[in-house]
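Student: Hi! Could you walk me through this one while I have it open?
Tutor: Happy to, ask away.

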Amino acid sequence: EKDRNISFMIRKKNHKLYSKILGKNKNENFTLLPKTDENYQNFLDFPILVKKKEKLNKFLLNKGIEVRLKHYYNCSKMFNNKNINKVSERYERELICLPVHRKITPAYINFVAKKIKQFYEQS
């Protein structure tokens with residue numbers, strides 16, 4: 001139980017650091033998800049919405065950074081829902097999740113943020 005609480009607090013701290021660093025880099029190519037309650041998170045990953053998702057992923061992999069690409073699916077498609085949910089479609093198309101597990105350090109978070117910024121400056 002204690003170990004789980006420590007792990008949770010580390011992930012929560014990593015979330016705050018990603019928010020702080022990426023929030024400073026105003027860029028039309030990626031968007032932080034709005035949060036109304038910092039305690040209402042699972043903190044397993046740090047989700048952001050990005051343009052050029054596949055190209056960004058390839059760039060980050062070449063820099064040794066692995067992100068989760070397939071995290072959110074528009075489930076209405078599975079139920080043959082005829083309505084289009086633009087938010088769900090956008091999340092499926094643009095969402096990536098950055099790592100926050102307990103071995104992720106502030107230096108690594110800075111490195112990831114720097115590489116994301118570099119990618120969009122170059123493209």
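Student: Is strand β2 enclosed or open to the outside, and why?
Tutor: This is a predicted model, and in it strand β2 (residues 45–50) is largely enclosed by the rest of the structure, because 6 of its 6 residues are buried.

Student: Which residues sit on each side of β2?
Tutor: One side carries Asp-45, Pro-47 and Leu-49, and the other carries Phe-46, Ile-48 and Val-50. Both faces are covered, as all of these residues are buried.

Student: What does β2 pair with, and how do the strands run?
Tutor: Strand β1 (residues 30–32) is joined to β2 by 3 bridges, and the two run antiparallel. Strand β3 is joined to β2 by 5 bridges, also antiparallel.

Student: Which residues stand opposite each other there?
Tutor: Thr-31 stands opposite Leu-49 in β2. Asp-45 stands opposite Pro-99 in β3.

Student: Let me zoom out. How many helices and strands are there, and in what order?
Tutor: The protein has 4 helices and 3 strands. Starting at the N terminus, the order is α-β-β-α-α-β-α.

Student: What share of the residues is buried?
Tutor: Of the 123 residues, 37% count as buried.

Student: On to charges. How many salt bridges does the structure hold?
Tutor: There are 5 salt bridges. One of them is between the side chains of Arg-102 and Asp-3, at 2.8 Å from N to O. That pair links distant parts of the chain, 99 residues apart: Arg-102 is in the loop between β3 (95–99) and α4 (106–122), while Asp-3 is in helix α1 (residues 2–24).

Student: What does Glu-94 pair with?
Tutor: Glu-94 forms a salt bridge with Arg-90, where the closest N and O atoms are 2.9 Å apart. Glu-94 also forms a salt bridge with Arg-93, with the closest N and O atoms 3.7 Å apart. Glu-94 and Arg-90 are both in helix α3 (residues 86–94), 4 residues apart, or about one turn of the helix.

Student: How accessible are Glu-94 and Arg-90?
Tutor: Glu-94 has 6% relative accessibility, so Glu-94 counts as buried. Arg-90 has 28%, so Arg-90 counts as partly exposed.

Student: Which residues make up the salt-bridge network?
Tutor: Lys-51, Arg-90, Arg-93 and Glu-94 are linked in a network of salt bridges.

Student: What about Arg-11, where is that and what is around it?
Tutor: Arg-11 is in helix α1. Arg-11 is buried yet has no salt bridge, and the nearest side chain of opposite charge, Asp-45, is 8.5 Å away. For context, a salt bridge needs the nitrogen and the carboxyl oxygen within 4 Å.

Student: So what does the Arg-11 side chain contact instead?
Tutor: The Arg-11 side chain makes a polar contact with the side chain of Ser-7, at 2.8 Å.

Student: And Lys-12, buried or exposed?
Tutor: Lys-12, also found in helix α1, counts as buried because its relative accessibility is 14%. Lys-12 and Arg-102 are 90 residues apart in sequence, and their C-alpha atoms are 9.7 Å apart in space.

Student: New topic: how many aromatic pairs are there?
Tutor: The count comes to 5 aromatic pairs. Among them is the edge-to-face pair of Phe-119 and Tyr-120, at 4.9 Å centre to centre with 75 degrees between the planes. Both Phe-119 and Tyr-120 are buried.

Student: Which residues form the aromatic cluster?
Tutor: Phe-30, Phe-59, Phe-119 and Tyr-120 form one aromatic cluster.

Student: Last one: what is Asn-57 in contact with?
Tutor: Setting aside neighbours within four places in sequence, Asn-57 is in contact with Val-67 and Leu-69. Asn-57 lies in helix α2 (residues 53–62) and is buried, with a relative accessible area of 11%.

Technical notes: Residues numbered from 1 in each chain as written. Predicted model: local features only at pLDDT ≥ 70, side-chain atom pairs only at ≥ 80, totals over all residues. Heavy atoms only, no water. Phe/Tyr/Trp six-rings, centres within 6.5 Å; stacked < 30°, edge-to-face > 60°. Buried < 20%, exposed > 50% of the residue type's maximum accessible area, 1.4 Å probe, protein only. Lys, Arg positive; Asp, Glu negative; His and termini not counted. Polar contact = N/O pair within 3.5 Å; in protein donor to acceptor, adjacent residues only side chain to side chain. Pairing = 2+ DSSP bridges. Contact = heavy atoms within 4.5 Å.
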